Amino acid sequence: MPRSLSLALALALAIGGGDLRAQTDRAQMRAQLREAIALESAGQLGRAYIELQTILRDYPAEPGAVLAFERVCRRLSILSDALPAIRRAVEHDPGNALLRQAELRVLADLGRLAELIEAGERWLQRAPGLEAAYREYAQALSSLGEFERAEAVLLEGQRHVGASGGLAIALADLYMMSGARWTDAARAWLAIFESSPELAWDVLITRIRSPGLDARAFGEAVLDLIGGEPVAPGAARLAAIAAIQVGDESLAREMVQVALEPMSSGERRRFIQGIARLSATLQQPALVAWSYRLLLREAPEERVAWDMARQIVRHDLGSGDTAAAFATLDRFLDRTQPGSAAHRWAGARRLRLLAAGADADAAARAFQEHAALYTEDRDLPALALLVAEAFLREGRLDESRRILEHLPAAADGRLEGTTAVLRAYLALYAGEFDEARQNFETAAAVLTGPERGDAIRMLRILQDASPAELEAVSTAHRATLQGQLREAYRGMLDAFAGTPASAARPALLVWAGELAIEAGDLEPAREVMLRVPERFPDSGAAPVALITLAEAMAAADRRGEAIALLETLIIEYPGSALTPIGRRRLAELEGEVPRS
């Protein structure tokens with residue numbers, strides 16, 4: 001190597017060596033931080049605490065480590081331990097807004113008002129032109145009920161930074177949070193709506209959905225402020241919100257129409273969608289329905305009308321109003337051209353609703369009409385399968401079987417699997433258990449997700465159950481088709497009494513317990529589910545029974561029993577795949593973490 005080149009390399013290494021070492025050290029620190037966060041996620045808070053302290057000794061201003069340490073201290077109920085670490089971080093990096101926010105947040109949560117004021121003023125002195133400093137300081141003050149101090153901070157911020165959208169919204173929020181200054185809140189929001197209507201709309205809609213807000217009081221203040229004068233479109237948006245809050249449907253519709261006047265078609269649709277969501281949040285079903293019908297009228301193009309129709313049907317079904325969904329589909333079918341993609345969608349959607357309902361004959365007629373019009377529709381086999389399922393649910397096995405006989409070979413795995421499941425149940429109800437096994441094997445091989453799990457569960461039962469147990473399963477399944485859940489689980493338990501238990505018995509008892517829970521019979525469900533870990537402690541069904549029963553107890557507000565069941569799961573079955581879920585659920589019930 002030439003001397004000049006080797007000298008250059010030596011110089012480069014000498015100059016850059018320190019940077020390289022620093023990069024290596026930081027990489028090691030970040031790996032250590034990831035490990036600490038993993039410990040936190042796993043609930044090993046003590047180890048995470050120690051690991052984060054170690055990191056902060058060498059990197060006191062690392063934001064990720066500081067914030068993780070704050071979280072761990074909160075969960076350990078030693079939040080005051082986080083404060084010295086946060087203050088050291090702020091000293092090392094006084095310009096870091098995340099660290100400043102953490103300091104204010106922790107001081108507020110600890111109720112240390114005097115120290116909070118000192119920290120907030122120090123931040124403002126260092127960054128007098130930073131909007132976030134005023135906003136976060138005011139938010140911390142208001143969390144302690146110091147609304148007047150918070151207002152003074154925000155007004156000072158507007159003098160230094162200007163009446164920016166963020167500070168104006170923070171001030172309007174403050175007036176709403178105080179619970180007594182509704183007129184001030186209305187005036188502040190009106191100013192925001194007149195200057196930045198899109199921003200104001202998006203933010204206020206979110207605020208109104210917050211729990212604990214007296215939406216009616218705010219709405220009344222807005223309407224009093226606006227009065228009976230002609231309303232500008234920006235103010236009309238706020239007036240529409242207020243009218244919905246006070247339950248004045250007529251005024252809400254009027255204000256919506258005023259607000260719509262200057263908008264483009266896209267803006268109109270977004271605004272009406274927001275009105276629909278707000279009406280649903282505030283439980284104004286008539287306005288929800290009116291909003292969605294207005295959306296449909298606002299869609300002159302078929303593609304847009306199609307999108308609107310889909311949203312309306314989703315809303316109607318989400319609110320349990322199947323009749324309204326049918327009405328929407330019928331109107332849409334009337335206004336669209338037969339043979340078009342939109343018409344085909346509506347017809348298929350209507351057919352699916354009929355098949356899911358209690359009228360298999362109507363579903364069959366709709367299928368015949370749809371198939372005659374759309375002979376090349378690739379979804380025809382799937383739609384026919386839905387009709388077959390509808391007949392099966394009505395207990396009309398021959399009609400269901402007849403449809404399956406005319407189905408072509410499935411073109412995709414999911415359809416093949418669903419068809420196999422239907423054939424399997426038909427065979428099960430007819431007592432043809434070998435054919436049922438073969439079809440569940442096919443379904444388990446091609447389906448995915450929960451459907452595959454259900455197929456595997458039934459396959460194992462068919463493989464392991466005794467003839468007497470299989471007869472009981474067949475009878476119980478037929479009863480569930482008729483909605484006779486109580487008869488189904490009681491019949492199974494009666495059939496099992498005094499008969500030898502096969503390897504399938506634990507899974508069958510879990511199913512009987514699930515039926516009892518679904519039927520609302522919690523005590524019988526408890527008795528049946530507890531049989532599984534007591535009599536079959538080594539079965540894979542035992543942890544399933546424990547966690548299923550625990551969820552049922554939690555839903556019934558029997559928290560203590562749910563906790564005891566989850567503790568049993570964690571202690572007795574540490575290797576079960578359900579145990580990590582049980583640990584998380586136990587922490588939720590004990591209030592250590594929020595419910596996800």
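User: Let's start with E399. Buried, exposed or partly exposed?
Analyst: Keep in mind that this is a predicted model. E399 counts as partly exposed, because its relative accessibility is 24%.

User: And which residue does E399 form a salt bridge with?
Analyst: With R396; the closest N and O atoms are 3.2 Å apart. R396 counts as partly exposed too, at 24% relative accessibility.

User: OK, R71 next. Where's its salt-bridge partner E40, and how many residues apart in sequence are they?
Analyst: R71 and E40 meet through their side chains, N to O at 2.9 Å. E40 lies in helix 1 (residues 3–41) and R71 in helix 3, so this pair ties together parts that are 31 residues apart in sequence.

User: Is E40 buried or exposed?
Analyst: Buried: its relative accessibility is 8%, and the cut-off for buried is under 20%. R71 is partly exposed, at 35%.

User: Switching to aromatics. How many pairs are there?
Analyst: Three, from a search of the whole structure. One of them is Y49 with F69, whose ring centres are 5.1 Å apart; the planes are at 40°, so the pair is tilted. It links distant parts of the chain, with Y49 in helix 2 (residues 45–58) and F69 in helix 3 (residues 63–75), 20 residues apart. Both Y49 and F69 are buried.

User: Why is the Y425 and F440 pair edge-to-face?
Analyst: Because the planes of Y425 and F440 are at 90°, with the ring centres 5.3 Å apart. Over 60 degrees is what counts as edge-to-face. Y425 sits in helix 23 (residues 413–429) and F440 in helix 24 (residues 433–446), 15 residues apart, and the pair links distant parts of the chain.

User: Which residues form the aromatic cluster?
Analyst: Y425, Y429 and F440 form one cluster.

User: Where does R505 lie relative to F496?
Analyst: R505 lies over the face of F496, at 4.4 Å from the ring centre.

User: Last topic, backbone. What's phi like at S77?
Analyst: Near 60°, a positive value in a residue other than glycine. Most residues other than glycine have a negative phi. S77 is in the loop between helix 3 and helix 4 (82–92), and it counts as exposed at 67% relative accessibility.

User: And D557, where does that lie?
Analyst: In the loop between helix 30 (541–555) and helix 31 (559–572). The phi of D557 is near 65°, a positive value as well. D557 is exposed, with a relative accessible area of 68%.

How values were computed
Residues are numbered from 1 along each chain as its sequence is written. This is a predicted model: local features need pLDDT of at least 70, side-chain atom pairs count only at pLDDT 80 or more; totals for chains, interfaces and linings use all residues. Side-chain values use heavy atoms; hydrogens and water are left out. Rings of Phe, Tyr and Trp (its six-membered ring) pair if their centres lie within 6.5 Å; planes under 30 degrees apart count as stacked, over 60 as edge-to-face and the rest as tilted. Helices (H or I, at least four residues) and strands (E, at least two) are DSSP runs, numbered from the N terminus. Buried means under 20% relative accessible area, exposed over 50%, partly exposed in between (1.4 Å probe, protein chains only). A charge sits over a ring if NZ of Lys or CZ of Arg is within 6 Å of the ring centre and within 35 degrees of the ring normal. A salt bridge is a side-chain nitrogen of Lys or Arg within 4 Å of a carboxyl oxygen of Asp or Glu.
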